[in-house]
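Trainee: I am new to this structure and would like a close look at one part of it, the salt bridges. Which side chains pair up, and where do they sit?

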Amino acid sequence: MSEHDKGKPAGGDGPAPGAGYAVEIASVRRVLSPLEESVVAARKIKDDWKTMAEGITNAAAFDVEKPAKDVLSEWGFGMGRVAENTTVIVETLRQVIAAYMLADLLRIKDFAPTEDNMAKLPFGERGLQAWKDGARPDFDPPPGIYQEPWFDDDGDGGSGGTHVTGDLPTNPRYQVAGEGGEGWVVDGGGKAPLA
């Protein structure tokens, strides 16, 4: 190890830690915060619907009381289900943030937080030691990002739509990033008719 490399994490040749995935981490955190608040609100509704229903007994006529209580009961049940499912999403997003942070510290280039890539990250003391010793897996490239073709841009390509020249292939998708570069891809796409 050269004098220049001392103090640097043993990792890829990607950007310095703290600079590589800051945008991705911030983006996931922006999505995570409102979801966490939604889980808290949904659990509160699930737990407190009976309290709301007690107020109906004192303020409503008999013919409205039962349907109103039924609606609140179903609402409480539904919000409980929303809380359960959203909790899974919140936990997954927390794992994605942790994976991005570790990939950032290890200076892994072009990391995509897929399930396979997250499993390849070094885990624990022995995993980090193996990483420092040079045992590094090959990470899968980020998946391609596709843009559905929209043909409402008057053909000039300047108003935000996809500029189309020539005949379109059957079931096309316009790939804007990922392996293979930018351009039209025929991958089966959607079977619905295009705009």
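Mentor: What follows goes through the salt bridges pair by pair.

This is a predicted model, in which local features need pLDDT of at least 70 and side-chain atom pairs count only at pLDDT 80 or more, while totals for chains, interfaces and linings use all residues. Residues are numbered from 1 along each chain as its sequence is written, and side-chain values use heavy atoms, with hydrogens and water left out.

The structure holds 6 salt bridges (a salt bridge is a side-chain nitrogen of Lys or Arg within 4 Å of a carboxyl oxygen of Asp or Glu). One of them joins Glu91 and Arg94, with the closest N and O atoms 2.7 Å apart. These two residues are 3 residues apart in helix H2 (residues 62-105), about one helical turn (helices are DSSP runs of H or I with at least four residues, strands are E runs of at least two, and both are numbered from the N terminus). Glu91 is partly exposed, at 37% relative accessible area, and Arg94 is partly exposed at 37% (buried means under 20%, exposed over 50%, partly exposed in between, with a 1.4 Å probe and protein chains only).

Another salt bridge links Asp140 and Lys120, at 3.4 Å from N to O. Asp140 lies in the loop between helix H4 (124-132) and strand E1 (145-147), and Lys120 in helix H3 (residues 115-120), so the pair ties together parts that are 20 residues apart in sequence. Asp140 is partly exposed at 32%, as is Lys120 at 28%. Through shared partners, salt bridges also join Glu36, Glu91 and Arg94 into one network.

Lys46 and Asp47 form a salt bridge as well, at 3.9 Å from N to O. Asp47 is exposed at 54%, whereas Lys46 is partly exposed at 39%.
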